[in-house]
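Colleague: I'm new to this structure. Could you walk me through how to read it?

Modeller: Happy to; let's look together.

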Amino acid sequence: MSARVDRRRFLAGMAVSGGALLTGGGALLTGCSAPTDAVSEAVPVQPRPAYYPADYDRIVDASKTERRLVIYSNMDTFNWQPIVDGFVKHYPWVEDILTTNLGSSQVFQRYNAEEAAGQQQASFLVSGAPQNWLDFTGAGKALDYLSPELPHLPDFARTRPGLYTFSSDAIIMMYNKILLAPEERPRSLADLTRLVASDPARFKYRLTTYSAGISFGLAIQYAYFRARQQNWSTFDALLPYTRPEDSSGPMLDKLASGEYLIGYFVSGPVILPQMAQLDKVVGWSLISDATPLFLRGMAIPAKSPHPNTGKLMLDYILSAEGQANIAGGGFTPYRAGVTAPAGRPTYQSVLADVGRDNVVVIGYDLGTEAEQDRFTKDWEGRLG
């Protein structure tokens, strides 16, 4: 980490009522270091594109009076490192950048609590909670800023007024390479279904996935269900053998230890940055017959105390340079022409690998609350 970034305060999940450093799950952090090779150095600085408006310096100059940025996110310090390193090379007066590593819904809970108390702090939000984003934008809480990068991005880059896509994160399959022979390692849900059917006793409770009882897991499971015409056949084949988890940590720990053999619908940005340490034990693949892409959202709050610096950060993240640093931080970039570190996907590489018809984009249309509740109850009822 550079000296400049060391001087900034990267807070991995400050408690709302105090200064304790907490993760999204509430555990006290004794340190916050990245797994080896988890992130890349920031890419070289690129000049401002010619298509930016002539008066863009008005935003830049206004940012010089703000000089800070407070980001509430569900991302770790090391995920932000290449993004922030690149950003401050363009805007070195922004010397005070704080980030949090909260749960996806906690980002909004904390923001709303501070707003109600008249103590607005957050100047930028990043989260993967679709329903919370619907509530946030529906209440008019997002600043309706039009980025000059927008015409150079896919349609899903801006899904609602003020709501932009940070990354299109690949949801993957992972497996224990020691306990599964090469010919057994699944690349599709169809492969996994056949494997389980071939030896049910071996796989009983040795599959894992995200629980539909949490917002992140519900978004993945329900989006797949709706994309497959509400067909329960895959869930009927797999859920009796599945022990769901609420977070990626237990999935990965139990998979590496052999308690689980296979994980499906697992978060790529959590797993892939750790593959340098796990490669001898854990393998992964895109899901060739249904790879979900999770749209991680970002927005500038309408009441942001640092709106101009927020605009600069949003434009930077959407730029070619910013999307390259998104990839360097472990996420899936979606801007055309942007590459990722070796072994990690981009939106374009996912399309090329599995085909557009086998991509399930997880957006914000997840049905009514009653429909989601009914699905969750039916999903949980199919567990073994």
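Colleague: How many salt bridges does a search of the whole structure find?

Modeller: A salt bridge is a side-chain nitrogen of Lys or Arg within 4 Å of a carboxyl oxygen of Asp or Glu. Searching the whole structure gives 18 of them. This is a predicted model, where local features need pLDDT of at least 70 and side-chain atom pairs count only at pLDDT 80 or more, while totals for chains, interfaces and linings use all residues. Residues are numbered from 1 along each chain as its sequence is written, and side-chain values use heavy atoms, with hydrogens and water left out.

Colleague: Which residue does Lys-303 meet in a salt bridge?

Modeller: Its partner is Glu-115, at 3.5 Å from N to O. The two are 188 residues apart: Lys-303 sits in the loop between strand 9 (291–299) and helix 13 (307–318), and Glu-115 in helix 4 (residues 104–116). Helices (H or I, at least four residues) and strands (E, at least two) are DSSP runs, numbered from the N terminus. Shared partners join Glu-115, Lys-141 and Lys-303 into one network.

Colleague: And which residues of helix 6 are buried?

Modeller: Buried means under 20% relative accessible area, exposed over 50%, and partly exposed in between (1.4 Å probe, protein chains only). In helix 6 (residues 189–198), the buried ones are Leu-189, Leu-192, Leu-195 and Val-196. They lie on the same side of helix 6 because they cover an arc of only 120 degrees around the axis, taken from the directions from the helix axis to the C-beta atoms. On the face turned away from that buried side are the exposed Arg-194, Ala-197 and Ser-198.
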